Amino acid sequence: MKRFVVYASALCALFISAAAVTAADDPIAVRKALMQSNAASAAASGAMLKGELDYNPAVAKAALATFNATAQAYGDYFPEGSENGGDTTAAPAIWEDPEGYQEALGKFQADVAAALEASGKGGPADLAAFQQAVGPVLSNCRSCHEDFRIQND
């Protein structure tokens, strides 16, 4: 239960920080805040999938909702001129291949929407259902990072 509270609190804090950054009108900072929210959701998801955290449908639903919110907003924060500065890890491929990037983002959006819908009102019924729902979502994260993110060594 203590871990649940920690993860839920972290997710809430990230939503609040993303909202504060949005007001700052800095697309790089907004992208980073959104990705931090995704990272928290991926960490909670991974911990449940690995058995490091007891499965909790409410945490699973919150993770999927966070992925969905990010998927819907993320594409708006890559205007021309934001490819440099702000310690960005966005790869030049985003601007060099905007159709490819939009296709990857569209796939992420569709997979997250399907996972969220399949999860029902209270979240996936059990770990197996969550694994089936979140698997394609996490796969999108991995492939997008490979193609559209500068990897830090």
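**A close look**

Guide: Asn140 has a relative accessible area of 5% and is therefore buried (under 20% relative accessible area; exposed is over 50% and partly exposed in between, with a 1.4 Å probe and protein chains only). The model is predicted: local features need pLDDT of at least 70 and side-chain atom pairs count only at pLDDT 80 or more, whereas totals for chains, interfaces and linings use all residues. Residues are numbered from 1 along each chain as its sequence is written, and side-chain values use heavy atoms, without hydrogens and water.

Asn140 belongs to helix 6, a DSSP run of H or I with at least four residues, numbered from the N terminus. Beyond its neighbours within four places in sequence, Asn140 is in contact (heavy atoms within 4.5 Å) with Lys107, Phe108 and Asp111.

Cys141 also lies in helix 6, which covers residues 127-148. Cys141 counts as buried because its relative accessibility is 17%. Once neighbours within four places in sequence are set aside, Phe67 and Phe108 are in contact with Cys141. Asn38 lies 103 residues from Cys141 in sequence, yet the C-alpha to C-alpha separation is 9.0 Å.

The wider setting is as follows. The protein has six helices and zero strands, in the order α-α-α-α-α-α from the N terminus. Among contacts with a separation of 6 or more, 80% join residues 24 or more positions apart. Of the 153 residues, 36% are buried. The protein exposes about 8400 Å², and carbon and sulfur atoms supply 56% of this area, computed by the Shrake-Rupley method with a 1.4 Å probe; for residues, only the protein chains shown count as cover.

Definitions and conventions: Helix = DSSP H or I, 4+ residues; strand = E, 2+ residues; numbered from the N terminus.
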